[in-house]
Each structure stands twice: as structure tokens, then as C-alpha cells.
Amino acid sequence: MRRALMFLAILLLPVPAISQSAATHVVEVLDMHLAMRAALRAVEVCNEAGFQAGASVVDRFGVEQVTLRSNMGGAHVAETARRKAWTAASFNLPSSDLGPLTDEGGEGNLAAIPGALPLGGGLPIVSRSGMLLGGIGVAGGGGGENEAKCAKAGLDAIADQLK
């Protein structure tokens, strides 16, 4: 029951930001060049650690902005990285934080959401003012913990340019 409540809370977090009276909404979006820089740096850091990885950046709506893959990266890394980025952006949480919500049989089973991938390596991209800009995901980098480090390096590469 506690997991189901936590799952619902995660899903409902963005609701207060939605204004029912406004006909339009103003949002910040991540510049394409920053998305490319973040993905490239994430792949470079994984490469330096000896892994042939891929990195993907999605916008705040989960739409892919850029995906890069090392020359020898496996066929799975691009899609896996994109799904991790989508998961981080969709829930505004690191993808690894969502693992407990995948238990079978629970009401809030994250596995029932198509595209969600609660494995380490996905991080939300948030502006200094707290606005969700998107997500970055890394795959093929030696496991979730190391992939999260590579993703963080990608975020660090653009941190000074986020408002």
C-alpha cells in the first residue's frame, strides 16, 4: 500500500504546476547545443572508463533531442539510454530511484507504464530555478552506478549555462 501511495505521489507531483485558468503556458526548453554537449560528455566519460556507451537527452516532455553512441557501443545502448532519460524526465527523479516501484502485483507497478525503465543511469535535467528541462540517460557504461556518474558528468558540462 505504501508503494502505491508513493507511486501516486510521484505521478501527481507535477499537478500543482498546471494552471486550469491559463490558455497557454510558458516553459523553458534545453537548447539543442547544450543537449549535444551533455550527451557527448557523458559518452566521453564512459569511454575514458573503458566502456562503449550511449547517451540520450530528452526534453521535458520526453521527446528525444539527441542520442549518441560510441563507435563500438552495442545495439541496445541507444534505445536503453533514451528510455532511461525518458524515465528521469517523466518522473523528475533519477531513474534508479524508481526501482522499488516495479514489484509485481502492486497497484503502483511501474512496470505497467510503457517505456519506463527504472535502472540506474537516468537523471533529470533541472535549471537553477528548479524548472524541469528534460532528462539524460546513459547505457552500456558498466552498470547503473557508473552510468549515473557518466550522466552526471554530462550535466556538469552544461551546468554553468543553465539559468
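**Fold and helix packing**

I counted four helices and four strands in the chain; helices (H or I, at least four residues) and strands (E, at least two) are DSSP runs, numbered from the N terminus. This is a predicted model, where local features need pLDDT of at least 70, side-chain atom pairs count only at pLDDT 80 or more, and totals for chains, interfaces and linings use all residues. Residues are numbered from 1 along each chain as its sequence is written, and side-chain values use heavy atoms, without hydrogens or water.

I read the order along the sequence as α-α-β-β-α-β-β-α.

Next I looked up burial. Of the 163 residues in the chain, 40% are buried (under 20% relative accessible area, 1.4 Å probe, protein chains only). The chain exposes about 8900 Å², and carbon and sulfur atoms supply 57% of that (Shrake-Rupley method, 1.4 Å probe).

I then checked contacts (heavy atoms within 4.5 Å). Among those in the chain with a separation of 6 or more, 65% join residues 24 or more positions apart.

How do α2 and α4 pack? Helix α2 (residues 32–48) meets helix α4 (residues 144–158) at about 140°, with the axes 7 Å apart. Axes are lines fitted to C-alpha atoms over the stretch in contact, and angles run from 0 to 180 degrees between N-to-C directions.

I listed the residues in contact. From α2 come Leu34, Arg37, Ala38, Arg41, Ala42, Val45 and Cys46; from α4, Cys150, Ala151, Ala153, Gly154, Ala157 and Ile158. They divide into 10 nonpolar, one polar and two charged.

Notes
Ala, Val, Leu, Ile, Met, Phe, Trp, Tyr, Cys and Pro count as nonpolar, Asp, Glu, Lys and Arg as charged, and the others, Gly among them, as polar. Buried means under 20% relative accessible area, exposed over 50%, partly exposed in between (1.4 Å probe, protein chains only).
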